[in-house]
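Let's take a friendly walk through this structure by way of its charged side chains. Have it open beside you as you read.

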Amino acid sequence: MRFMILLVLSLLLALGLGAWTADRALEMSADLGTVEVGPWRANPLGGSPDADPYSRAVLARIGNLTLGGGEGISFRAIEDSTGRPLERQCTYVLAGQTPPARVWTLAAYLPDGRLIDPGEGRPGWLVSRSLLRAEDNATQITVGPAAAPGNWLSVTGRGSYILALTLYDTPASTSSGLGRLALPSLTRGACADG
């Protein structure tokens, strides 16, 4: 009987440690192959056959479908341009030029990958074709809980979130297009809690 108890405890310990180390390996390797442009991060090889095994495992774990090499690239921001984490109760201004792309979208996601509920009657994302632009084709978008004039993406609730800027059919999705890439800045404004 003692042998069976020790065997079961050994198996539980081995399974627990194995799961923990696999989880840690995926967390620590999440930035392999990542390109950073200001607060924006992307893995250009994430959806390609050339992706490293850790990137594939991370994508399988979160259940995220990625764009292939020629389809586009998705940049994600978890902090503003000064390095402070994005919070849903705060207002942010995304301003500047976007790389050339046939179309691009901007959406806000919870850390677990679900789209943030923008509130009744509001879109959960913005599409480049329907935005107001300046004469130089730059755009300014307000992201936050309070309605704003011009381009506004509604974000409700409290806590952290991820802002995703996805470029479709763009030269930025190739390694040669990533070298001189410029993306909009992300500036924090007022917060609802002061």
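Start at glutamate 87, which is partly exposed, with a relative accessible area of 24% (buried means under 20% relative accessible area, exposed over 50%, and partly exposed in between, with a 1.4 Å probe and protein chains only). This is a predicted model, where local features need pLDDT of at least 70 and side-chain atom pairs count only at pLDDT 80 or more, while totals for chains, interfaces and linings use all residues. Residues are numbered from 1 along each chain as its sequence is written, and side-chain values use heavy atoms, leaving out hydrogens and water.

Glutamate 87 has a partner: arginine 188, with which it forms a salt bridge whose closest N and O atoms are 3.9 Å apart (a salt bridge is a side-chain nitrogen of Lys or Arg within 4 Å of a carboxyl oxygen of Asp or Glu). Because arginine 188 lies in strand 10 (residues 185-191) and glutamate 87 in the loop between strand 3 (72-77) and strand 4 (90-96), the pair ties together parts that are 101 residues apart in sequence. Strands here are DSSP runs of E, at least two residues long, numbered from the N terminus. Arginine 188 is partly exposed too, at 22%.

The structure holds four salt bridges. In another of them, arginine 84 meets aspartate 80 at 3.6 Å, N to O. Here aspartate 80 is buried, at 2%, whereas arginine 84 is partly exposed, at 40%.

Finally, look at aspartate 112 and arginine 114, whose side chains meet in a salt bridge at 3.0 Å, N to O. Aspartate 112 counts as partly exposed at 48%, while arginine 114 is exposed at 51%.

Definitions and conventions
Helices (H or I, at least four residues) and strands (E, at least two) are DSSP runs, numbered from the N terminus.
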